[in-house]
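Let's take a friendly walk through a protein model, a few places at a time. Have the picture ready as you read.

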Amino acid sequence: MRTAIQTETLELLEWPRLAQQLASFASTAPGRRACEQLPLAPDPSASEVLLAITGELLGLDGVLEGGLSFQGVADVDPVVALCRKGGMARGEALLELAATLAAARRLRRQIDDPELRPHSSALVAQLRTLPELEQRLRFCLEEGGRVADRASPELAGVRRQLQGVRSERRERLQELLRRYAPLLQDTVIAERNGRPVLAVKVGAAAQLPGLVHDTSASGSTVFMEPQAVISLGNRARELEGQERELEDAVLLQLSALVAEQAEPLEPLQRVLTALDGGLARARYSAWMGAVRPELAADPSAAFELRELRHPLLVWQQRRENGAAVVPVSLTVSPELRVVAITGPNTGGKTVTLKSLGLAALMARAGLWLPCSGTPRLPWCCQVLADIGDEQSLQQNLSTFSGHIRRIARILEALATPAQGASLVLLDEVGAGTDPAEGSALAAALLRHLADRARLTVATTHFGELKALKYSDARFENASVGFDSETLAPTYRLQWGIPGRSNALAIARRLGLAEPVLEQAEAQLAPLAAGDVNQVIAGLEDERQRQQEAAEDAAALLAQTELLHEELLLRWEQQQQQSVELQEQRRQQLERSIRQGQQEVRRIIRRLRQGGTAAAASSAKLGETARRAGQRLRELEQQHRPAPEQREHRGWMPAVGDRVRVLSLGKAGEVLALADDSQELTVRCGVMRLNVPLTGIEGLHGEKPEPPPPPQVTVRAKTALGGPGPGVRTERNTVDVRGLRVHEAEAALEERLRVANGPLWVIHGIGTGKLKRGLRQWLTTVPYVERVADAEQGDGGPGCSVVYVR
């Protein structure tokens, strides 16, 4: 229940005007009426629900093609109330009820999602759309609300008879038109008093038997219903009466059905109106570029409103081509209770008061706030204001008396305990009377309000109120800016520093006579020695210098950061170019080595294809080619980039961890660990590679430390003490018997490059030259781990087993 001062405050803050602007975003007539009333939530939890519904419907309205539509929703409360009383509803109203039920079903289907939209889903869960009632209404009613023939067999029969009578009457009239054409003024069948008539010349009226219904204005024409169709007209009138009776009977039946469902239909209009109001709040908030506020249930919570814009001025700017809105920022800590705003007239002090008051009311009503960032404020159960001139000639009240009456009502409202914070807004407190007494009264009033209200914001020109901050920690000063060069206010709110009224400067800007201003300045000069305005002016100058210095420092910092980024980018480019150049050279050298190896293989093949006469020279050339190929392999091994290795301490990766591959300088994911934990399978981008433990590190530089190797005793089976070879197959066996050493090396090298396990090499025993040459060469191959004689069953000394890394 609103008190008189609360209702008066809403008027002073122009809350009804904001509600009308909100109503323009509603889709239905009941929704517009509800928005124009714009009730305030009774408690913080209700405000949170309204804010949540606003956000949920805003998100849904944005993802649906064409937005959330209330097409078909009508005001059904009157027709339900009429039917409940036993009345007969019109066909149009019943058809609108059916359309509303269908629209409610569609809206429930679109909105219902408890996980994404819990509050809106809880709202539509109350809807009962009664599909049987809707189907019955649509079956019995045609478009426009006319009762359909199928609604009643008797009605269908009467209508068929009526159609037949009308058709017969029309045919007789057409025949009379042809027969008595010379007697008629016109060949058109007219209508008078619901009966068909012919326009007969006044002199020929006696020649056409019938009933006169009307006469023309000139008196030369009479409108007669021919005697031949009077009986048919009477029959039609009788059937039309029966038709109306039968239609009323159907409408009464349908109204009775609606009355039976009155109880489930009762929340229908309420829920649809709430949804329309929520959608209107969402679209209004989106149109303003507003953000959802955070409401605190604690009455002593802080106010944090960054770049708050007055919503009515935003409307004026966008819809009425008004001036750009200057935002204000307010940050009030929990310890502060009173903020005194000073500064020149027309500087924006009153707009600041109204913006803060409207922000508190909008958050309570479920509206988002036109701010930047996330606005935070306590839930305000009372917003009380004294703004404007309360002068009244009818009540014999002066300006001062009017203010005092209103402030008295504010204090009376604060005396009543209330849930939540109280916000008091006072414009020109203490004005309208003697400055000394007004200043004393204003100071006492603000101290009194500091004990009873969460926050009081007052505008004033009294210098004494500016000094309250220095004697009471609950007080703070703020001022609206004033440009001394242009002699115009900046409308910017400055915290922590009082402002000057600048009355003379504003008077000069408004065109007051210069002699008057000079005389005023002369009278003001003797008082300026100890005037607080000099201190304020000095503070303003110092604040301006600090702000300019801060802006210069920020600009210099931005330039430094840009320069640092540019230097870092250039260094990275140079490093990248250096790495790319080294990689290009290495690849070029590898290509040259591979070309040389291919050339050596071609020489060896040509030697093998030579005849026996050239055997001695072939052996010599083959030995030279073998040495050249061995030297090329050594060069390739020397220029192959070795993986970077670092010392590891105290960390072991697990499957799923992210690690850095040192050889690539990139991060990857560990897919598997070898049984001995000495090797990992890592996925790096699209590559899947096996990396030794020494070739990785953690993303934060952790060094891996492998677990101690298990103590396993292996019983040797061969002379070399290694484990026995795996199973020998045709695919992992190479027969080089009969080949020279360099020929065997070429054949064996091709198989070793693709081998993924041990390789059995059959070379025979003979003189042992081929075996010794191959064993000596295999010791220089980097990817060969060791060489051992095969098992006795696999060839013994005549076969060597080559184990690759």
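Start with Glu-240, which counts as buried because its relative accessible area is 19%, and the cut-off for buried is under 20%. Keep in mind that this is a predicted model. Glu-240 is found in helix H10, which covers residues 227-260. What does Glu-240 touch, not counting residues up to four places away in sequence? The answer is Leu-162 and Arg-166.

Now let's move to a pair of helices. Two packed helices are described by the angle between their axes and by the distance between those axes. Here, helix H5 (residues 77-84) packs with helix H11 (residues 262-288) at an angle of about 160 degrees, and their axes are 10 Å apart. H5 is therefore roughly antiparallel to H11, since angles over 145 degrees count that way. The crossing of H5 and H11 is left-handed.

Which residues meet there? From H5 come Asp-77, Val-80 and Arg-84, and they meet Ala-262, Glu-263, Leu-265, Glu-266 and Gln-269 in H11.

Our last stop is the cysteines. A disulfide is a covalent bond that joins the sulfur atoms of two cysteines. How many disulfides does the structure hold? It holds zero. Take Cys-380: the closest cysteine sulfur, in Cys-381, is 7.5 Å from its own sulfur, so the two are too far for a bond; a disulfide needs the sulfur atoms within 2.5 Å. Cys-380 is also buried, with a relative accessible area of 2%. Cys-35 counts as buried too, at 3% relative accessibility.

Key:
Residues are numbered from 1 along each chain as its sequence is written. This is a predicted model: local features need pLDDT of at least 70, side-chain atom pairs count only at pLDDT 80 or more; totals for chains, interfaces and linings use all residues. Side-chain values use heavy atoms; hydrogens and water are left out. Axes are lines fitted to C-alpha atoms, for helices over the stretch in contact, and angles run from 0 to 180 degrees between N-to-C directions. Helices (H or I, at least four residues) and strands (E, at least two) are DSSP runs, numbered from the N terminus. Angles under 35 degrees count as roughly parallel, over 145 as roughly antiparallel, 65 to 115 as roughly perpendicular and the rest as oblique. A crossing is left-handed if the near helix is turned anticlockwise from the far one by less than a right angle, and right-handed if clockwise. Contact means heavy atoms within 4.5 Å. Buried means under 20% relative accessible area, exposed over 50%, partly exposed in between (1.4 Å probe, protein chains only).
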